[in-house]
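Colleague: I would like to go through some side-chain features and learn how to read them. Please give the general idea and then the case.

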Amino acid sequence: MAIVQELLRYSRQYHRESMEIRRLTESDAESFRKLRLEALDREPTSFAESVEEFQNTSVEACAERLRSGGMDRFVFGAIEKFAIVGMAGFYRESHLKYRHKGRIWGVYVTEEYRGRGVGRALLTQLLQMNGAYIDEEHMMLELPLPCSIPA
Ligand SMILES: CC(C)(COP(=O)(O)OP(=O)(O)OC[C@H]1O[C@@H](n2cnc3c(N)ncnc32)[C@H](O)[C@@H]1OP(=O)(O)O)[C@@H](O)C(=O)NCCC(=O)NCCS
């Protein structure tokens with residue numbers, strides 16, 4: 001039993017070390033679109049957008065979204081062996097009186113990689129990126145239905 005637990009611990013550690021967490025760029029558009037479609041298809045109750053709606057978003061539109069956000073809109077991805085296995089999006093409210101607020105959307109980790117700290121790592125990086133102008137109290141998580149995710 002102890003050996004199994006040690007192997008599991010090693011495997012989680014290995015995955016953390018071999019995985020890259022970074023902001024997605026326009027060159028990730030195709031993989032981002034594929035993972036978003038998987039998320040909406042497999043976890044429909046976790047997201048406001050439906051597969052049917054997102055299917056109309058082209059790779060070019062995804063590239064534009066990933067290219068143009070500056071510090072106000074971005075998506076972080078967890079990359080393992082050149083594939084995106086997890087993602088978390090962020091946008092800052094655009095109204096002047098709401099600029100101190102931000103929303104986190106589209107948090108998703110593909111099933112095979114769950115339970116290894118990927119979701120936590122994504123949210124940690126995302127909060128570090130915008131922590132300079134939005135404190136945690138003003139960060140909201142978009143959820144269509146009551147559900148729990150790692151804080
Ligand atoms: C929710 C999700 C992103 C978690 O990703 P993950 O990589 O498995 O999460 P982590 O391994 O980083 O877990 C971090 C912590 O959150 C907890 N956790 C993970 N998923 C959870 C869930 N669904 N409910 C409650 N706690 C959860 C873990 O136990 C862990 O806590 P610990 O460190 O105290 O043990 C993933 O399960 C997923 O994609 N779910 C489907 C989509 C979804 O629900 N998205 C969120 C709504 S937008």
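Colleague: Which ring does the charged end of K101 sit over?

Modeller: A charge sits over a ring if NZ of Lys or CZ of Arg is within 6 Å of the ring centre and within 35 degrees of the ring normal. The charged end of K101 is over the ring of Y98, 5.2 Å from the centre. R36 likewise lies over the face of F54, at 5.8 Å from the ring centre. This is a predicted model: local features need pLDDT of at least 70, side-chain atom pairs count only at pLDDT 80 or more, and totals for chains, interfaces and linings use all residues. Residues are numbered from 1 along each chain as its sequence is written, and side-chain values use heavy atoms, with hydrogens and water left out.

Colleague: How many aromatic pairs are there?

Modeller: Rings of Phe, Tyr and Trp (its six-membered ring) pair if their centres lie within 6.5 Å; planes under 30 degrees apart are stacked, over 60 edge-to-face, and the rest tilted. The count comes to four aromatic pairs. One of them is F74 with F76, edge-to-face at 5.8 Å centre to centre and 85 degrees between the planes. F74, F76 and F90 form one aromatic cluster.

Colleague: Is F74 buried or exposed?

Modeller: Buried means under 20% relative accessible area, exposed over 50%, and partly exposed in between (1.4 Å probe, protein chains only). F74 has 3%, so F74 is buried. F76, at 5%, is buried too.

Colleague: Which residues does Q125 touch, leaving out those up to four places away in sequence?

Modeller: Contact means heavy atoms within 4.5 Å. On that basis, leaving out residues up to four places away in sequence, Q125 touches I21 and F76. The C-alpha atoms of Q125 and F76 are separated by 7.8 Å, although the two residues are 49 apart along the chain. Q125 is partly exposed because its relative accessibility is 31%.

Colleague: How many salt bridges are there?

Modeller: Side chains of opposite charge can pair when their charged atoms come close. A salt bridge is a side-chain nitrogen of Lys or Arg within 4 Å of a carboxyl oxygen of Asp or Glu. The count comes to ten. Among them is D28 with R22, whose closest N and O atoms are 2.8 Å apart. D28 is buried at 8%, whereas R22 is partly exposed at 25%.

Colleague: Which residue meets R99 in a salt bridge?

Modeller: R99 meets D72, at 3.0 Å from N to O. D72 also forms a salt bridge with R92, with the closest N and O atoms 3.5 Å apart.
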